[in-house]
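The exercises below go through one protein model step by step, each with a worked solution. Please keep the sequence and the 3D view at hand while reading.

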Amino acid sequence: MNEIKAPKGTRDIFAPEIHKWHYLENAIHAYYKKFLYQEIRTPIFEHSELFSRGIGSETEVVQKEMYTFTDKSDRSLTLRPENTASVVRAAIENNLFENLVPLRFYYLGPMFRYDKPQKGRYRQFQQFGVEVFADDSPQVDAEVIFSAVDFLKKLEIESVQLDLNSVGCPQCRPAYLEVLKKAARAEESKLCADCRRKIDGNPLRIFDCKQPACAEAAGRFPVIGDHLCAECREHFVAVREALSWMNVPFVLNPRLVRGLDYYTKTAFEVTSGQLGAQNALLGGGRYNNLIKELGGPDMAGIGFAAGMERIILHLEHLELPGRKILFVAYGDPQWLAHAVQLAEVLREEGYPVYLDYQGKNLKKQFKKADRVAAAFTLLLAEDEIRSSSVSVKNMATQEQIKIPLKDLNAWLKENF
Ligand code: AMP
C-alpha cells in the first residue's frame, strides 16, 4: 500500500524539538502576562468574508494564499491565514470592548497559507502575536515594539534588526498612492508582470517585490514619509522618541510596507541575520481602521505577529534540562501490584516514572531502564517488600543502596 505522507508545507514536531516549543510557549505566557495581556483562543476556521474584509481583498494573502472551502451547508469557510481579524471579531462578538480593561490580548497557534514552502516558510505555521485596542498613544506603539524586541532578547536572540516606518492614514495615504502610481507607471516597462498588476490595485506592495529590477525601480519611487499628514508625522516622531526612552535601536525604512490593507501609521518588522531568504521574525503595526471595518466601534488597534518556527530556528543554543526518569522494576510478576502503587505515589510527588509491564524478568527490565535513559531504577523484590524498602540503583555509576520506603521521597529530593 502507498505510504501516506504529511501534506506539503506541513511538518511533524516531536522530541527533541518539541522541548523547544514548550520552552517558547511557556516564555510567551510568562512574558506577556507582565504587560497585562490576556490569552485569547479563536477558532482555526472562520467565515471567509472575515478575511476578505479584514485583510483586504486585494492582498496576496486573500487572493492567492487562503485555504478556503465550502462546508456541507454551502458556507464559505477559511482556515485562518493570520489572527488579528479573528481577535477583533471575537472582541466585537463577545462585547469585550465594553467589558474588559485593559484591552490587551496575546495568542499563539497555527495559521495556514498556500505559500511556496521552503526553509522557514510553511503552509501550516505557528504564530504568536499581541493586539492592544482602544489606545492611540504613540507610547503604546513603542511599548508593543519594545516587548517584541525585548522578548527576543530574553531568548538570547540578539542579532536582529528592527525596521520602522509610518504608512500614513486614510487622510494622507490616498494622495500619496496617486503620486506612487504615477511614478510606477513611468517605470512600468521595468517591472515584473506581478508588479505591473499591482500598480492599480495595491501599488504599495511593489516595495515588497524581491525581483532586482523591481527593487531598483522602487528605490526611485517617492516614499510615504514625505507625504504624511501633520497628525501622522507627530505620531511617528513621538513613537521614535519613546523608543529611545526604552533603548530600542531601530532603522528607519521608508520602503517598509505591510501586506495588509488595514494598517495605519506605525509599521515595523524585525528581521534576523541568521535566517536565509525568509528572514522576517515578526511584523506588525497600527490598524486604526480595522475594528470599525469589521462592524465594531471606531477604535484604535496595534499589534504584531511573530513566526514561531523561525524563532525556534534561533534556539539552537538552548540547553534544555535533560529528561530525568525513575524506573520502577519488580523482581517477579507477583510484585507488579506493589510496583504499580509505588509508581503512582512517585508520580503524585511529581517525578516522571516509567515501569515496564512487559518485563518478563529483571534483566529485560534493566535493559528497558537503560533504553529510556532512567537516572535511577527502583527495585522491588521479595526482600524489599518484606522490609518495606526499595533498592535504588544509580544507572550511571551502577551503585545500589537500600532505602526504607518512608525515607525514599526525602532521599530522592536530595539525590535525583
Ligand atoms: P505576517 O502575518 O505576514 O505579517 O507574518 C508575521 C510573521 O509570521 C512573519 O514575520 C514570519 O515570521 C511568520 N510567517 C509568515 N508567513 C509564514 C509562513 N508561510 N511560514 C512560516 N512563518 C511565516
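Two strands pair if DSSP finds at least two bridges between them, and strands (E, at least two residues) and helices (H or I, at least four) are DSSP runs, numbered from the N terminus. This is a predicted model, in which local features need pLDDT of at least 70 and side-chain atom pairs count only at pLDDT 80 or more, while totals for chains, interfaces and linings use all residues. Residues are numbered from 1 along each chain as its sequence is written, and side-chain values use heavy atoms, with hydrogens and water left out.

**Exercise 1. Describe strand S14, its pairing and its cover.**

Begin with the neighbours: S14 pairs with strand S15 (residues 389-394) in the antiparallel sense over four bridges, and Leu 378 has Val 392 of S15 as its bridge partner. Strand S12 (residues 326-330) is joined to S14 by five bridges, and these two run parallel; here Leu 326 stands opposite Phe 376.

Next, consider the cover, where buried means under 20% relative accessible area, exposed over 50%, and partly exposed in between (1.4 Å probe, protein chains only). Five of the five residues of S14 (residues 376-380) are buried. In a regular strand the side chains alternate between the two faces of the sheet. In S14, Phe 376, Leu 378 and Leu 380 point one way, whereas Thr 377 and Leu 379 point the other way, and all are buried.

**Exercise 2. Give the strand order of the open sheet of eight strands and follow its pairings.**

The order is S1-S5-S6-S11-S10-S9-S7-S8, with mixed pairing. The edge strands are S1 (38-39) and S8 (251-252), each of which pairs on one side only.

Now take S6 (residues 124-133), which is mostly covered, with nine of its ten residues buried. Strand S5 (residues 104-112) pairs with S6 in the antiparallel sense over nine bridges, with Phe 105 opposite Glu 131. S6 also pairs with S11 (residues 301-307), again antiparallel, over seven bridges, and Val 130 has Phe 304 in S11 as its bridge partner.

Finally, S7 (residues 160-166) and S9 (residues 264-272) run antiparallel and are joined by seven bridges, where Asn 165 stands opposite Ala 267.

**Exercise 3. Which residues are closest to the ligand, and which strands supply its shell?**

A residue is near a molecule if one of its heavy atoms lies within 4 Å of it. Of the 14 residues that surround the ligand, the closest are Arg 113, Tyr 122, Gln 127, Arg 258 and Ala 280. S6, S10 (280-286) and S11 each supply at least two residues of the shell, and the largest share, three residues, comes from S10.

A polar side-chain atom of Arg 113 lies 2.8 Å from an oxygen atom of the ligand, and a polar backbone atom of Gly 307 is 3.2 Å from an oxygen atom of the ligand.

**Exercise 4. What span should helix H6 have, and how many of its residues are buried?**

The expected span of a helix is 1.5 Å times one less than its number of residues. The 17 residues of H6 (residues 138-154) should therefore span 24 Å, and the end C-alpha atoms are 24 Å apart, which agrees. Twelve of the 17 residues are buried, among them Pro 138, Val 140, Val 144 and Phe 151. Just after H6, Glu 156 takes a positive phi of about 65 degrees.

Definitions and conventions:
Polar contact = N/O pair within 3.5 Å; in protein donor to acceptor, adjacent residues only side chain to side chain.
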